[in-house]
Amino acid sequence: MSHHLEPSRRADAFRRALLVGVLALALLLPGVAAGAGYAYAQDWYWTWSGKSAGSSFSSVWKHNWFIKKYPGYETTVTFIDNTSYGWHATVRNDWQTTPTTWNSSAVKKAHCRSNTSLEFFGTCAVASN
Amino acid sequence: MTKPRILLVITIAIAAIAAAAVAYATSERSPEALVRPRGAQDELPANAGFLRHLDAGSARRVASFRLAGGRERAVYLAKTRDGEQLCLWDTDLATGEQGGGCNPAEAFFGERSVLVSLGYEGGPSRSSIRDVRIIGLATPAVASVTVELSGGEERPVKLTRDHGFAWVMPEADVRQGLEPVAVIARDESGRVLDRRPTGF
(Lines give C-alpha, C1' and ligand atoms only; values in the text may rest on other atoms or scores of the structure.)
Protein backbone atom coordinates (compact mmCIF):
# COMPACT_ATOMS: atom_id res chain seq x y z
CA MET A 1 0.00 0.00 0.00
CA SER A 2 1.53 3.29 -1.07
CA HIS A 3 0.65 6.56 0.55
CA HIS A 4 1.77 9.53 -1.49
CA LEU A 5 0.52 12.72 0.11
CA GLU A 6 0.60 16.32 -1.05
CA PRO A 7 2.94 18.50 1.07
CA SER A 8 0.02 20.50 2.46
CA ARG A 9 -1.61 17.29 3.72
CA ARG A 10 1.60 15.71 4.88
CA ALA A 11 1.83 17.75 8.08
CA ASP A 12 -1.72 16.79 9.03
CA ALA A 13 -1.01 13.17 8.22
CA PHE A 14 2.16 13.33 10.26
CA ARG A 15 0.37 14.83 13.26
CA ARG A 16 -2.31 12.15 13.08
CA ALA A 17 0.28 9.44 12.72
CA LEU A 18 2.26 10.85 15.61
CA LEU A 19 -0.81 10.87 17.81
CA VAL A 20 -1.65 7.29 16.86
CA GLY A 21 1.94 6.27 17.49
CA VAL A 22 2.13 7.94 20.87
CA LEU A 23 -1.15 6.37 21.92
CA ALA A 24 -0.06 2.97 20.66
CA LEU A 25 3.22 3.22 22.51
CA ALA A 26 1.49 4.42 25.66
CA LEU A 27 -0.59 1.26 25.52
CA LEU A 28 2.15 -1.08 24.31
CA LEU A 29 5.22 -0.12 26.27
CA PRO A 30 3.93 -0.46 29.83
CA GLY A 31 2.88 -4.00 29.04
CA VAL A 32 6.17 -4.81 27.37
CA ALA A 33 8.20 -3.15 30.10
CA ALA A 34 6.22 -4.79 32.87
CA GLY A 35 6.72 -8.21 31.34
CA ALA A 36 10.23 -7.67 30.11
CA GLY A 37 11.90 -5.42 32.59
CA TYR A 38 13.82 -3.93 29.69
CA ALA A 39 12.30 -2.32 26.65
CA TYR A 40 13.29 0.17 24.01
CA ALA A 41 11.33 1.85 21.27
CA GLN A 42 12.19 4.32 18.55
CA ASP A 43 9.09 6.06 17.30
CA TRP A 44 9.83 7.73 13.98
CA TYR A 45 8.60 9.11 10.74
CA TRP A 46 10.69 6.98 8.38
CA THR A 47 11.59 9.06 5.37
CA TRP A 48 14.21 7.27 3.28
CA SER A 49 15.51 3.86 2.32
CA GLY A 50 18.40 2.97 4.57
CA LYS A 51 17.19 4.94 7.57
CA SER A 52 17.78 2.81 10.64
CA ALA A 53 17.39 2.73 14.39
CA GLY A 54 18.52 0.38 17.10
CA SER A 55 18.96 -0.30 20.76
CA SER A 56 22.15 -0.15 22.80
CA PHE A 57 24.32 -3.28 23.04
CA SER A 58 23.17 -5.69 25.75
CA SER A 59 22.88 -9.42 26.33
CA VAL A 60 19.24 -9.11 27.43
CA TRP A 61 17.60 -8.31 24.08
CA LYS A 62 15.55 -11.12 22.65
CA HIS A 63 12.67 -9.65 20.61
CA ASN A 64 12.78 -7.00 17.93
CA TRP A 65 9.81 -5.85 15.92
CA PHE A 66 9.02 -3.09 13.49
CA ILE A 67 5.43 -1.87 13.78
CA LYS A 68 4.12 0.18 10.88
CA LYS A 69 0.88 2.11 10.63
CA TYR A 70 -0.04 0.24 7.44
CA PRO A 71 1.27 -2.79 5.54
CA GLY A 72 3.19 -2.15 2.33
CA TYR A 73 6.43 -0.65 3.60
CA GLU A 74 9.42 -2.94 3.30
CA THR A 75 11.53 -3.12 6.44
CA THR A 76 14.25 -5.28 8.00
CA VAL A 77 14.70 -6.34 11.62
CA THR A 78 17.82 -8.08 12.89
CA PHE A 79 20.29 -8.37 15.76
CA ILE A 80 23.93 -7.28 15.49
CA ASP A 81 26.49 -8.92 17.77
CA ASN A 82 29.31 -6.85 19.26
CA THR A 83 32.21 -9.08 18.19
CA SER A 84 31.84 -9.80 14.46
CA TYR A 85 29.09 -7.21 13.96
CA GLY A 86 27.34 -9.89 11.95
CA TRP A 87 23.58 -10.02 11.55
CA HIS A 88 21.40 -12.68 13.16
CA ALA A 89 17.77 -13.85 12.82
CA THR A 90 17.19 -11.32 10.06
CA VAL A 91 13.68 -10.89 8.67
CA ARG A 92 12.68 -8.64 5.80
CA ASN A 93 9.15 -8.03 4.50
CA ASP A 94 6.44 -5.42 3.94
CA TRP A 95 3.89 -6.71 6.45
CA GLN A 96 2.36 -4.31 8.96
CA THR A 97 4.48 -5.81 11.72
CA THR A 98 7.87 -7.38 11.05
CA PRO A 99 9.07 -9.33 14.13
CA THR A 100 12.04 -11.53 14.98
CA THR A 101 13.55 -13.25 18.00
CA TRP A 102 17.12 -14.32 18.76
CA ASN A 103 17.65 -16.33 21.94
CA SER A 104 21.42 -15.99 22.08
CA SER A 105 23.06 -14.76 25.29
CA ALA A 106 25.61 -12.83 23.21
CA VAL A 107 25.91 -9.09 23.62
CA LYS A 108 23.95 -7.62 20.74
CA LYS A 109 21.82 -4.72 19.66
CA ALA A 110 18.50 -4.78 17.88
CA HIS A 111 18.50 -3.05 14.53
CA CYS A 112 15.57 -1.84 12.40
CA ARG A 113 15.92 -0.50 8.89
CA SER A 114 13.57 0.98 6.30
CA ASN A 115 14.02 -0.43 2.80
CA THR A 116 11.67 1.95 1.03
CA SER A 117 11.83 5.53 -0.15
CA LEU A 118 8.16 5.91 0.73
CA GLU A 119 7.48 7.87 3.89
CA PHE A 120 5.69 6.12 6.71
CA PHE A 121 5.22 6.21 10.46
CA GLY A 122 6.60 3.26 12.38
CA THR A 123 8.06 2.05 15.63
CA CYS A 124 11.16 -0.06 16.21
CA ALA A 125 10.51 -1.90 19.48
CA VAL A 126 12.88 -4.15 21.41
CA ALA A 127 12.32 -6.25 24.51
CA SER A 128 14.13 -8.81 26.62
CA ASN A 129 11.38 -11.42 26.97
CA MET B 1 -47.34 7.46 8.55
CA THR B 2 -47.79 9.28 5.24
CA LYS B 3 -47.08 7.61 1.91
CA PRO B 4 -43.91 9.65 1.20
CA ARG B 5 -42.51 8.67 4.62
CA ILE B 6 -43.27 5.02 4.00
CA LEU B 7 -41.45 5.23 0.67
CA LEU B 8 -38.50 6.94 2.37
CA VAL B 9 -38.26 4.22 5.03
CA ILE B 10 -38.43 1.49 2.37
CA THR B 11 -35.75 3.24 0.31
CA ILE B 12 -33.44 3.55 3.29
CA ALA B 13 -34.02 -0.09 4.25
CA ILE B 14 -33.24 -1.27 0.72
CA ALA B 15 -30.10 0.89 0.61
CA ALA B 16 -28.94 -0.50 3.96
CA ILE B 17 -29.49 -4.09 2.84
CA ALA B 18 -27.65 -3.41 -0.43
CA ALA B 19 -24.74 -1.80 1.42
CA ALA B 20 -24.52 -4.76 3.80
CA ALA B 21 -24.58 -7.18 0.85
CA VAL B 22 -21.79 -5.30 -0.92
CA ALA B 23 -19.73 -5.15 2.28
CA TYR B 24 -20.15 -8.91 2.79
CA ALA B 25 -19.29 -9.69 -0.83
CA THR B 26 -16.14 -7.59 -0.78
CA SER B 27 -14.93 -8.45 2.73
CA GLU B 28 -11.92 -10.71 2.99
CA ARG B 29 -12.53 -14.10 4.48
CA SER B 30 -10.05 -15.71 6.85
CA PRO B 31 -7.37 -17.92 5.31
CA GLU B 32 -8.75 -21.43 4.89
CA ALA B 33 -6.12 -22.88 7.18
CA LEU B 34 -7.72 -21.11 10.14
CA VAL B 35 -11.07 -22.74 9.43
CA ARG B 36 -9.99 -26.37 9.19
CA PRO B 37 -9.95 -28.58 12.33
CA ARG B 38 -6.82 -28.34 14.45
CA GLY B 39 -4.49 -31.27 14.91
CA ALA B 40 -1.57 -32.09 17.17
CA GLN B 41 0.85 -30.81 14.54
CA ASP B 42 -0.69 -27.36 14.86
CA GLU B 43 0.50 -26.83 18.44
CA LEU B 44 3.01 -24.02 18.73
CA PRO B 45 6.24 -25.00 20.51
CA ALA B 46 5.96 -24.20 24.22
CA ASN B 47 9.04 -22.00 23.95
CA ALA B 48 7.84 -20.08 20.88
CA GLY B 49 9.31 -16.60 20.96
CA PHE B 50 6.16 -14.54 20.75
CA LEU B 51 3.84 -17.08 22.41
CA ARG B 52 2.45 -14.67 24.99
CA HIS B 53 1.34 -12.30 22.24
CA LEU B 54 -0.50 -15.03 20.31
CA ASP B 55 -3.79 -16.90 20.55
CA ALA B 56 -2.11 -20.31 20.65
CA GLY B 57 -5.44 -22.07 20.13
CA SER B 58 -5.79 -20.46 16.71
CA ALA B 59 -2.41 -21.63 15.42
CA ARG B 60 -2.15 -23.82 12.33
CA ARG B 61 1.05 -25.29 10.97
CA VAL B 62 0.87 -24.47 7.27
CA ALA B 63 4.32 -25.69 6.15
CA SER B 64 7.45 -27.42 7.45
CA PHE B 65 11.06 -27.39 6.30
CA ARG B 66 14.68 -28.07 7.26
CA LEU B 67 17.66 -25.79 6.94
CA ALA B 68 20.92 -27.05 5.42
CA GLY B 69 22.30 -27.96 8.84
CA GLY B 70 19.28 -30.14 9.55
CA ARG B 71 17.45 -27.79 11.89
CA GLU B 72 13.73 -28.36 11.68
CA ARG B 73 11.45 -25.37 11.32
CA ALA B 74 7.75 -24.88 10.71
CA VAL B 75 5.54 -22.09 9.44
CA TYR B 76 2.59 -21.24 11.68
CA LEU B 77 -0.40 -19.04 11.02
CA ALA B 78 -1.89 -17.62 14.23
CA LYS B 79 -4.02 -14.78 15.50
CA THR B 80 -2.72 -12.30 18.02
CA ARG B 81 -4.41 -12.48 21.43
CA ASP B 82 -6.58 -9.45 20.70
CA GLY B 83 -7.63 -10.95 17.35
CA GLU B 84 -6.61 -7.78 15.54
CA GLN B 85 -3.81 -9.31 13.49
CA LEU B 86 -2.89 -12.56 11.78
CA CYS B 87 0.74 -13.59 11.87
CA LEU B 88 2.80 -16.00 9.79
CA TRP B 89 5.77 -17.33 11.73
CA ASP B 90 8.91 -19.13 10.61
CA THR B 91 9.61 -21.04 13.83
CA ASP B 92 12.62 -23.07 14.96
CA LEU B 93 11.07 -26.15 16.56
CA ALA B 94 14.00 -26.63 18.96
CA THR B 95 14.73 -23.10 20.16
CA GLY B 96 11.35 -21.48 19.59
CA GLU B 97 12.98 -18.59 17.75
CA GLN B 98 10.48 -16.94 15.43
CA GLY B 99 10.43 -14.41 12.64
CA GLY B 100 7.83 -13.43 10.12
CA GLY B 101 5.06 -10.90 9.77
CA CYS B 102 1.62 -9.80 10.94
CA ASN B 103 -1.13 -8.06 8.98
CA PRO B 104 -4.58 -6.78 9.98
CA ALA B 105 -6.94 -9.75 10.34
CA GLU B 106 -9.75 -8.07 8.41
CA ALA B 107 -7.52 -7.45 5.40
CA PHE B 108 -4.82 -10.07 5.74
CA PHE B 109 -4.03 -10.43 2.04
CA GLY B 110 -5.30 -6.99 1.03
CA GLU B 111 -5.20 -6.91 -2.76
CA ARG B 112 -2.45 -9.49 -2.97
CA SER B 113 -2.52 -13.11 -4.00
CA VAL B 114 0.51 -14.11 -2.00
CA LEU B 115 2.30 -12.82 1.11
CA VAL B 116 6.00 -13.53 1.56
CA SER B 117 8.69 -13.00 4.18
CA LEU B 118 12.45 -13.38 3.74
CA GLY B 119 14.70 -14.67 6.51
CA TYR B 120 18.41 -15.46 6.77
CA GLU B 121 21.42 -15.73 9.01
CA GLY B 122 24.62 -13.76 8.62
CA GLY B 123 25.31 -10.63 6.67
CA PRO B 124 25.25 -7.79 6.08
CA SER B 125 27.90 -8.73 3.51
CA ARG B 126 26.42 -11.12 0.96
CA SER B 127 29.34 -13.54 1.28
CA SER B 128 28.49 -14.33 4.91
CA ILE B 129 24.77 -14.92 4.39
CA ARG B 130 23.41 -18.45 4.91
CA ASP B 131 20.14 -20.25 5.64
CA VAL B 132 18.26 -18.05 3.20
CA ARG B 133 14.58 -18.95 3.23
CA ILE B 134 11.26 -17.55 2.09
CA ILE B 135 7.99 -18.36 3.78
CA GLY B 136 4.55 -17.39 2.61
CA LEU B 137 0.85 -17.98 2.26
CA ALA B 138 -1.21 -17.84 -0.94
CA THR B 139 -4.89 -17.21 -1.60
CA PRO B 140 -7.06 -20.12 -2.85
CA ALA B 141 -6.87 -18.72 -6.40
CA VAL B 142 -3.15 -19.50 -6.55
CA ALA B 143 -2.33 -22.84 -8.15
CA SER B 144 1.47 -22.61 -8.23
CA VAL B 145 4.32 -20.59 -6.79
CA THR B 146 7.87 -20.15 -8.00
CA VAL B 147 10.92 -18.29 -6.73
CA GLU B 148 12.59 -16.13 -9.36
CA LEU B 149 16.37 -16.09 -9.05
CA SER B 150 18.71 -13.38 -10.23
CA GLY B 151 19.28 -14.20 -13.87
CA GLY B 152 15.63 -14.99 -14.41
CA GLU B 153 15.52 -18.72 -13.66
CA GLU B 154 12.49 -19.85 -11.69
CA ARG B 155 12.45 -22.59 -9.04
CA PRO B 156 9.17 -24.36 -8.20
CA VAL B 157 7.88 -24.13 -4.65
CA LYS B 158 5.62 -26.76 -3.13
CA LEU B 159 2.28 -25.43 -1.94
CA THR B 160 0.80 -27.28 1.03
CA ARG B 161 -2.90 -28.07 1.37
CA ASP B 162 -3.14 -24.91 3.49
CA HIS B 163 -1.60 -22.94 0.64
CA GLY B 164 1.42 -22.25 2.76
CA PHE B 165 4.99 -22.66 1.58
CA ALA B 166 8.58 -22.53 2.70
CA TRP B 167 11.54 -22.44 0.34
CA VAL B 168 15.15 -22.82 1.42
CA MET B 169 17.77 -21.58 -1.00
CA PRO B 170 20.25 -24.39 -1.81
CA GLU B 171 23.74 -23.66 -0.50
CA ALA B 172 25.14 -24.29 -3.98
CA ASP B 173 23.01 -21.46 -5.33
CA VAL B 174 24.17 -19.18 -2.53
CA ARG B 175 27.82 -19.99 -3.29
CA GLN B 176 27.23 -19.21 -6.97
CA GLY B 177 26.03 -15.76 -5.97
CA LEU B 178 22.46 -16.34 -7.05
CA GLU B 179 19.80 -14.33 -5.25
CA PRO B 180 16.07 -14.96 -4.76
CA VAL B 181 14.64 -11.75 -6.16
CA ALA B 182 10.89 -12.43 -6.24
CA VAL B 183 8.07 -14.87 -5.60
CA ILE B 184 5.62 -15.40 -8.44
CA ALA B 185 2.08 -16.74 -7.96
CA ARG B 186 0.10 -18.18 -10.89
CA ASP B 187 -3.42 -19.49 -11.36
CA GLU B 188 -4.30 -22.86 -12.92
CA SER B 189 -3.95 -21.47 -16.44
CA GLY B 190 -0.46 -20.21 -15.70
CA ARG B 191 -1.46 -16.58 -15.61
CA VAL B 192 0.61 -14.52 -13.21
CA LEU B 193 -1.58 -13.34 -10.34
CA ASP B 194 1.12 -11.67 -8.29
CA ARG B 195 4.84 -11.06 -8.18
CA ARG B 196 6.31 -10.12 -4.84
CA PRO B 197 9.92 -8.87 -4.70
CA THR B 198 11.77 -10.37 -1.75
CA GLY B 199 13.99 -7.35 -1.23
CA PHE B 200 17.09 -9.56 -1.24
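This is a dialogue on how to read some features of a predicted model.

Colleague: What should I know about the numbering and the values before I start?

Modeller: Residues are numbered from 1 along each chain as its sequence is written, chains are lettered from A and ligands numbered from 1 in the order in which they are written, and side-chain values use heavy atoms, leaving out hydrogens and water. The model is predicted, and local features need pLDDT of at least 70, side-chain atom pairs count only at pLDDT 80 or more, and totals for chains, interfaces and linings use all residues.

Colleague: How many helices and strands are there in chain A?

Modeller: Both kinds of element are DSSP runs numbered from the N terminus, helices being H or I with at least four residues and strands E with at least two. Chain A has 1 helix and 8 strands, in the order α-β-β-β-β-β-β-β-β from the N terminus on.

Colleague: What share of the residues in chain A is buried?

Modeller: Buried means under 20% relative accessible area, exposed means over 50%, and partly exposed is in between, with a 1.4 Å probe and protein chains only. Of the 129 residues in chain A, 49% are buried. Contacts, meaning heavy atoms within 4.5 Å, can be read along the chain too. Among the contacts in chain A with a separation of 6 or more, 70% are between residues 24 or more positions apart.

Colleague: Why is strand 7 of chain A described as largely enclosed?

Modeller: Strand 7 (residues 108-114) of chain A has 5 of its 7 residues buried, so it is largely enclosed by the rest of the structure.

Colleague: Which strands pair with strand 7 of chain A?

Modeller: Two strands pair if DSSP finds at least two bridges between them. Strand 2 (residues 52-54) of chain A pairs with strand 7 in the antiparallel sense over 3 bridges, and Gly54(A) stands opposite His111(A). Strand 4 (residues 75-81) of chain A is also antiparallel to strand 7, joined by 7 bridges; there Thr76(A) stands opposite Arg113(A).

Colleague: Which strands pair with strand 7 of chain B?

Modeller: Strand 7 (residues 144-149) of chain B is joined by 6 bridges to strand 10 (residues 180-186) of chain B, and the two run antiparallel. Here Thr146(B) stands opposite Ile184(B). Strand 7 of chain B also pairs with strand 8 of chain B, antiparallel over 4 bridges, and Glu148(B) has Glu154(B) as its bridge partner. The hairpin of strands 7 and 8 of chain B has 4 residues between the strands, and in it Gly151(B) takes a positive phi near 105°. Because 5 of the 6 residues of strand 7 of chain B are buried, this strand is largely enclosed by the rest of the structure.

Colleague: Is Asp162(B) buried or exposed?

Modeller: Asp162(B) is buried, at a relative accessible area of 11%. This residue is in the loop between strand 8 (154-157) and strand 9 (164-168) of chain B. Leaving aside neighbours within four places in sequence, Asp162(B) is in contact with Ala33(B), Arg36(B), Arg61(B), Val62(B) and Leu137(B).

Colleague: With which side chain does the side chain of Asp162(B) make a polar contact?

Modeller: A polar contact is a pair of N or O atoms within 3.5 Å; within protein, one must be able to donate a hydrogen and the other to accept it, and residues adjacent in sequence count only if both atoms are side-chain atoms. The partner of Asp162(B) is the side chain of Arg36(B), at 2.8 Å.

Colleague: Where does Asp92(B) lie?

Modeller: Asp92(B) is in strand 3 (residues 85-92) of chain B and counts as buried at 2% relative accessibility. A polar atom of the Asp92(B) side chain lies 3.0 Å from the backbone nitrogen of Thr95(B). Not counting residues up to four places away in sequence, Asp92(B) touches Arg71(B), Glu72(B), Arg73(B) and Glu97(B).

Colleague: Is Ser64(B) buried or partly exposed?

Modeller: Ser64(B) counts as partly exposed, at 44% relative accessibility. Ser64(B) lies in strand 1 (residues 54-66) of chain B, and its side chain makes a polar contact with the side chain of Arg61(B) at 3.1 Å. Leaving aside neighbours within four places in sequence, Ser64(B) is in contact with Arg73(B) and Ala74(B).
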